[in-house]
Amino acid sequence: MNIPSKGDEYAKLMENLRYAQEHSAMLAHLTADESPSTSQGWLAISEMFKLVQHKVTELATKGLH
């Protein structure tokens with residue numbers, strides 16, 4: 001069994017955040033015709049995940065050195 005490292009955990013977290021962002025964007029696309037307001041909500045969530053990715057990267061670069 002491998003002992004997890006900060007770098008490994010950061011990579012896993014970023015991968016999951018990227019997936020969440022991509023899925024939110026796809027939901028925005030898929031709901032655009034039936035409900036523009038819901039679509040805009042999913043798009044906003046997608047953008048929030050991008051912001052979270054940026055903030056996680058900022059935090060990780062301070063703590064991974």
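Author: In α1, the buried residues are M14, L17, Q21, S24, A28 and T31. Buried means under 20% relative accessible area, exposed over 50%, and partly exposed in between, with a 1.4 Å probe and protein chains only. Helices are DSSP runs of H or I with at least four residues, numbered from the N terminus.

Reader: Before we continue, what kind of model is this?

Author: It is a predicted model, in which local features need pLDDT of at least 70 and side-chain atom pairs count only at pLDDT 80 or more, while totals for chains, interfaces and linings use all residues. Residues are numbered from 1 along each chain as its sequence is written, and side-chain values use heavy atoms, with hydrogens and water left out.

Reader: Against what do the buried residues of α1 pack?

Author: They pack against α2. The buried residues of α2, namely S39, S46, Q53, V56 and A60, pack in turn against α1, residues 6–31.

Reader: How far does each helix reach from its first C-alpha to its last?

Author: Helix α1 has 26 residues and reaches 37 Å, close to the expected 38 Å. Helix α2, residues 36–63, has 28 residues and reaches 41 Å, close to the expected 40 Å. The expected span is 1.5 Å times one less than the number of residues.

Reader: At what angle do α1 and α2 pack?

Author: The angle is about 165°, and their axes are 7 Å apart. That makes α1 roughly antiparallel to α2, a label for angles over 145 degrees, whereas those under 35 count as roughly parallel, 65 to 115 as roughly perpendicular and the rest as oblique. Axes are lines fitted to C-alpha atoms, for helices over the stretch in contact, and angles run from 0 to 180 degrees between N-to-C directions.

Reader: Which residue classes make up the contact of α1 with α2?

Author: There are 16 nonpolar, nine polar and three charged residues in that contact. Ala, Val, Leu, Ile, Met, Phe, Trp, Tyr, Cys and Pro count as nonpolar, Asp, Glu, Lys and Arg as charged, and the others, Gly among them, as polar.

Reader: Let us turn to S46. Why does S46 count as buried?

Author: S46, in helix α2, counts as buried because its relative accessibility is 1%.

Reader: With which residues is S46 in contact?

Author: Leaving aside neighbours within four places in sequence, S46 is in contact with Q21, S24 and A25. Contact means heavy atoms within 4.5 Å.

Reader: Now the solvent side. Is Q40 buried or exposed?

Author: Q40, which lies in helix α2, counts as exposed at 52% relative accessibility. Q40 and T57 are 17 residues apart in sequence and 26 Å apart in space, C-alpha to C-alpha.

Reader: Lastly, is L30 buried or exposed?

Author: L30, in helix α1, counts as exposed at 54% relative accessibility. The C-alpha atoms of L30 and W42, twelve residues apart along the chain, are separated by 9.9 Å.

Conventions: Helix = DSSP H or I, 4+ residues; strand = E, 2+ residues; numbered from the N terminus.
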